[in-house]
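User: I am new to this structure. Please walk me through it in short questions and answers.

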Amino acid sequence: MQIFFPKEEDQEIRTTILPEVAKKFVDLGLEVVIEEGLGSSVFIEDDLYSEVGAIISDSRDTAFNSADIVCRINKPYKEEIANLKKKSIHISFLDPFNESDLVKEFANQEVSAISMELVPRITRAQKMDALSSQANLAGYAAVVEASRTINKSFPMMMTAAGTISPSRVFVIGVGVAGLQAIATAKRLGARVEAFDTRPVVEEQVKSLGAKFVKIDIGETEETDQGYAKELTEEQIKMQQEGMKKICSQSDVVITTAQVFGRPAPRIVTNEMVQAMQPGSVIVDMAVSTGGNVEGSKADEYVFENGVTIIGMSNLPGEVAKDASQVYGANLFNMIEEYWDLENKVLNFDLTDDVLKGCVITHEGKVVNELVKDRM
Ligand code: NAD
């Protein structure tokens, strides 16, 4: 069986696998093909992949056409799907709720598409959970970027010239990224507060030494996988009202709020931005899914009344080597889980809970119920 790792587009700084992971695939008995220059964005030469037994291909189209499994980070172009071998498997982030055309194309081409976003949040699948591996690094990178941009220090400093007060950091949304943002800001010595609509996270926030902000927004719900459900308009207003003062007193606001399969909630209004101190910084980590902050723009620094709103859409790319390492490990763990060592094939059992969650198309049909509903 052949597995192909195409090179990502130029704007992507991460790479799908590092040579250590390529070796693990070779050891499983797969024929590993990588596109020439695969690791160049993280300064890894092709030689290091060939040393572990990978074949270097200079023809992307030929490799697409002969591979049984294609693994990449970002979704493909529609034209690339037509080039894939029938009955092959394609694994990547796919944004399947917004990319109906791609999903249909995968089905037409009889390719089994796996969406890394839809790997279920269950214990058995943690090792394959690329949303978490990337969000964790993104949370770290968001705080580092904020600390670099702000014009004051994060920690308190007692100096001969007087005491410097610590920065105040407010984290909105405490999932995987939010927890890492809190932990990183605490390590840097900031005073950290956090809020989430799911009251269960209060304990987690406190265990990191941060303060949980309580805002009464009435009943909130979460899905069986722990995702927050959408708030009503009235609840969002109550939340904004409750946060106004904290935002205005914060030097850094980091927003990570997401609602599964829906656009991100708009939480920080322009009025709240205007009320912040000049020199303060907001990082909108939800910028790619609609944004939590009014006025944020993908891949831009927006300056609003002295406040910098950072909208970096690829924060894991700021720590590209580590992000590539863990993404590749997620892919390997997924394939190894279903690999039949004796017959050297993948057991594609759609009754398996993990595959049932993340396989979108199979044998010419859209098989994922959530995606089917949305289409
Ligand atoms: P996410 O990216 O979907 O959302 C980020 C956070 O935003 C969530 O904590 C959510 O509650 C919060 N949020 C939504 N609307 C908000 C609002 N209006 N204001 C403030 N916060 C708001 O979350 P995630 O990081 O992907 O995690 C989702 C869930 O999955 C969490 O419960 C997490 O603990 C769980 N999880 C479980 C596993 C596992 O294997 N068991 C692995 C990873 C994550």
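**Strands, spaces and buried residues**

Analyst: E10, helix H8 (residues 202–207) and E11 together form a β-α-β unit, and this unit is right-handed. The model is a predicted one.

User: In which sense do E10 and strand E11 pair, and over how many bridges?

Analyst: Strand E11 covers residues 211–212. The pairing of E10 and E11 is parallel, over two bridges.

User: Which residue in E10 is the bridge partner of Arg-168?

Analyst: Strand E9 (residues 168–172) also pairs with E10, in the parallel sense and over five bridges. Within E10, the partner of Arg-168 is Arg-191.

User: What is the handedness of the crossover from E9 to E10?

Analyst: E9 and E10 pair in the parallel sense. Between them the chain passes through helix H7 (residues 176–187). This β-α-β crossover is right-handed.

User: Why is strand E10 described as largely enclosed by the rest of the structure?

Analyst: Strand E10 spans residues 191–195. Buried means under 20% relative accessible area. E10 is largely enclosed because the buried residues number four of its five.

User: How many cavities of 30 Å³ or more are counted, and what is the volume of the largest cavity?

Analyst: The count of cavities of 30 Å³ or more comes to one. The largest cavity has a volume of about 40 Å³.

User: Which helix gives the most to the lining of the largest cavity?

Analyst: The lining includes Met-334, Ile-335 and Tyr-338, along with Ile-91, Ile-114, Leu-346, Phe-348 and Leu-355. By class, it has eight nonpolar residues, no polar and no charged. The top contributor, with three residues, is helix H11 (residues 320–338).

User: Is Leu-346 buried or exposed?

Analyst: Leu-346 lies in strand E17 (residues 345–346). Leu-346 is also among the residues that line the largest cavity. Its relative accessible area is 15% and the cut-off is under 20%, so Leu-346 is buried.

User: What distance separates the C-alpha atoms of Leu-346 and Met-276?

Analyst: Along the chain, Leu-346 and Met-276 are 70 residues apart. Their C-alpha atoms are separated by 54 Å.

User: What separates the C-alpha atoms of Ile-310 and Thr-149?

Analyst: Ile-310 sits in strand E15 (residues 307–310). Ile-310 is buried, with a relative accessible area of 0%. Ile-310 and Thr-149 are 161 residues apart along the chain. The C-alpha separation is 9.3 Å.

User: Which residues are the closest to the centre of the second largest pocket?

Analyst: The second largest pocket holds about 470 Å³ of space. Its lining is made of 24 residues. Closest to the centre are Asp-224, Gln-225, Phe-260, Asn-368 and Leu-370.

User: Which helix gives the largest share of the lining of the second largest pocket?

Analyst: The elements that give two or more residues to this lining are helix H12 (353–358) and helix H13 (369–374). The largest share is three residues, and the helix is H12.

User: From which domains does the lining of the second largest pocket draw at least three residues each?

Analyst: By class, this lining has twelve nonpolar, four polar and eight charged residues. At least three residues come from each of domain 1 (2–129 + 319–374) and domain 2 (135–318).

Methods. Residues numbered from 1 in each chain as written. Predicted model: local features only at pLDDT ≥ 70, side-chain atom pairs only at ≥ 80, totals over all residues. Heavy atoms only, no water. 1 Å grid on protein atoms, 1.4 Å probe; cavity = no way out; pocket = protein on both sides within 12 Å on 5 of 7 lines; lining within 4 Å. Points joined across faces, edges and corners; volume = space filled by probe spheres on them. Nonpolar A, V, L, I, M, F, W, Y, C, P; charged D, E, K, R; others polar. Buried < 20%, exposed > 50% of the residue type's maximum accessible area, 1.4 Å probe, protein only. Pairing = 2+ DSSP bridges. Right-handed = clockwise from strand over helix to strand, strands pointing away. Domains from an automatic or database assignment.
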